Amino acid sequence: MSVFDHLHVFIMAGGSGERFWPLSRSKTPKHLLRLLSDRTLIEMTARRLEGLIAWERVYVLTNAAQAAAVRAELPFVPEGNIIAEPEKRDTAPACALATGLARARDPQAICALLPADAMIHNIPIFQKQLATAAQTAASRDALVVFAIPPTFPATGFGYLHLGDEDGETCRVLRFVEKPDLPTANAYLRSGQYAWNAGMFLWRSEVFQREVERLVPALGKFIEDFPAGDPSAYLAERFSALPKISVDYAVMEKASEVQAVRAKFDWDDVGSWTALPEHLGHDDDGNTLRGEVVQHESSNNVAVSSGRLIALCGVENLVVVETPDAILVCHRDAVQDIKKLQPLLPKSVQ
C-alpha cells in the first residue's frame, strides 16, 4: 500500500485577506477571488492535488461565513469534507481538528495542511516534493515543513534556521519570527535560513503525541474526536480550545522538525504589490486590470471592477475600484490596509 493511500490533505481557508480590501471581504476573502487567473486561489490550490490523491481525502477547513462559497468553488470535493469551524481559533486548533478527523477515519493517517492562498506554478515539482514530505512523515517521528529559499530580505515572513542536509531533508534548528531588515539581510547572506511557507505534514500519531505534551487540551480534543459527522462535536468542543498558532504552540517546541527545501516557485500573494509578478506590467511599470487608462504615470497597481480608473502624473500607488468602495494607497503602505478595517462601515467589511 502506497503512502498516498494514507495521505489526507487539508486546505486551510479561514483567513479574511484584509490586505486585499476592497475586493476581499469577510464572506469573499482573498482565496475566493480571481486575482491572478480565471480560477480562484483556493481552486488552484485544490487542483494542484489532482491525480495525486483521491478527492475523498481532500478537505477544506473554513468558517460558516465562507462555507457556501467554498462549496460552490470546489464542487469536486465531497460536501462533507468542507468543514466550517464554529469560531476562529488560529492554526493550532485547526491542525488539531485536521489531525483528529483524519485519525478517526484512518489510524495510520498522514496529514498535510496547505494554505488556500499561496501561488505555485510548477505543479509537477510541487507534487514530487509533497510526496517526499509525505514519505518523510511516514518514516520518521518528525513534523515536516517546507522551506522556501529566500530571494530577498523579506521582513514579512517567518524564517526557518536550517541544519545540515539529511538525505532529502534537513533538520530545522529553530523557528524565527518576522525579522527587521538588517536581520533579514544577515539571514539572506548566511544561506542557513529559509522562509516558512506555513505548509505542514505529519503522521497523526506523531502530532497527537506532541500536543499531548505541549498543549494537553489539543491532545484531548484529538483523542476524543468521533467517527462520522463531527458537526456536533465541533459545536460543543472547538470554541473552548486555546487560541494560538501552531508555530507558537507546537512547531517551535517539537522534538524534531524536518524541512524539505522547496524547488518549486512559491508566493504567498500577501498584498496588492504581489500582482505585478504574476500579471506583468507595462513599459512604465504599471500593472493595470479592468477599465484603466494612464498618462505619464509609473509603478502603479490599478484594478477596476467596472468603473474607469484614470491615472495622470502619479506613481507608486495602489488604486482598487469596486461598486461600493475605492482604495487609494501608496505602494509602501499596502501592509497597513488591514488597519482600515475598524474604520470601515460593516457593509463594506
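Strand E8, residues 193-203, is mostly covered in this predicted model. Ten of its eleven residues are buried.

| Strand | Sense of pairing with E8 | Bridges | A residue pair |
|---|---|---|---|
| E4 (residues 110-115) | antiparallel | four | Cys 111 opposite Trp 202 |
| E5 (residues 143-148) | antiparallel | four | Ile 148 with Trp 195 |
| E6 (residues 159-166) | antiparallel | three | His 161 opposite Tyr 193 |

**The chain as a whole**

Ten helices and 15 strands make up the secondary structure of the chain. The radius of gyration is 21 Å, close to the 20 Å that the globule rule gives for 349 residues, so the chain is as compact as a globular protein of that length. The C-alpha trace spans about 60 × 45 × 35 Å along its principal axes. Of the 349 residues, 53% count as buried.

**The sheet with E12 and E14**

Four strands form an open sheet in the order E10-E12-E14-E15, and their pairing is mixed. Which strands stand at the edges of this sheet? They are strand E10 (287-289) and strand E15 (325-330); each has a single partner strand, so one side of each is left without a neighbour in the sheet. On average, and with direction ignored, neighbouring strands of the sheet are turned by 5 degrees against each other.

Strand E12 (residues 301-304) and strand E14 (residues 317-322) run parallel and are joined by four bridges. One of the residue pairs here is Val 301 with its bridge partner Val 318 in E14.

**Cavity and pocket**

Rolling a probe the size of a water molecule over the atoms shows where empty space is left. The structure holds one cavity of 30 Å³ or more. About 50 Å³ of space lies in the largest cavity. Which residues line the largest cavity? The lining consists of Thr 45, Arg 48, Leu 114, Pro 115, Ala 118, Ile 120, Phe 126 and Met 199. By type, these lining residues divide into six nonpolar, one polar and one charged.

The second largest pocket has a volume of about 260 Å³. Its lining has 20 residues, and the closest to the pocket centre are Gly 14, Ser 16, Ser 26, Asn 63 and Gln 66. Two elements give two or more residues to this lining, namely strand E2 (58-63) and helix H2 (64-73). H2 gives the most, with three residues. The lining of the second largest pocket divides into four nonpolar, eleven polar and five charged residues.

**Backbone details in loops**

The peptide bond from Trp 21 to Pro 22 is cis, with omega near 10 degrees. Pro 22 lies in the loop between strand E1 (7-12) and helix H1 (41-47).

Val 269 has phi near 45 degrees, which is a positive value in a residue other than glycine. Val 269 belongs to the loop between strand E9 (257-261) and helix H10 (275-279). Is Val 269 buried or exposed? The relative accessible area of Val 269 is 0%. Buried means under 20%, so Val 269 counts as buried.

Asn 299 also has a positive phi in a residue other than glycine, with a value near 55 degrees. The loop that holds Asn 299 runs between strand E11 (292-295) and E12. The relative accessibility of Asn 299 is 34%, and Asn 299 therefore counts as partly exposed, the class between under 20% and over 50%.

Terms used:
Residues are numbered from 1 along each chain as its sequence is written. This is a predicted model: local features need pLDDT of at least 70, side-chain atom pairs count only at pLDDT 80 or more; totals for chains, interfaces and linings use all residues. Side-chain values use heavy atoms; hydrogens and water are left out. On a 1 Å grid over the protein atoms alone, a cavity is a set of points where a 1.4 Å probe fits but cannot get out, and a pocket is an open set with protein on both sides within 12 Å along at least five of seven lines; lining residues have an atom within 4 Å of a point. Grid points are joined across faces, edges and corners, and a volume is the space filled by probe spheres set on the points. Ala, Val, Leu, Ile, Met, Phe, Trp, Tyr, Cys and Pro count as nonpolar, Asp, Glu, Lys and Arg as charged, and the others, Gly among them, as polar. Two strands pair if DSSP finds at least two bridges between them. Axes are lines fitted to C-alpha atoms, for helices over the stretch in contact, and angles run from 0 to 180 degrees between N-to-C directions. Buried means under 20% relative accessible area, exposed over 50%, partly exposed in between (1.4 Å probe, protein chains only). The radius of gyration is taken over C-alpha atoms; the globule rule is 2.2 Å times the number of residues to the power 0.38.
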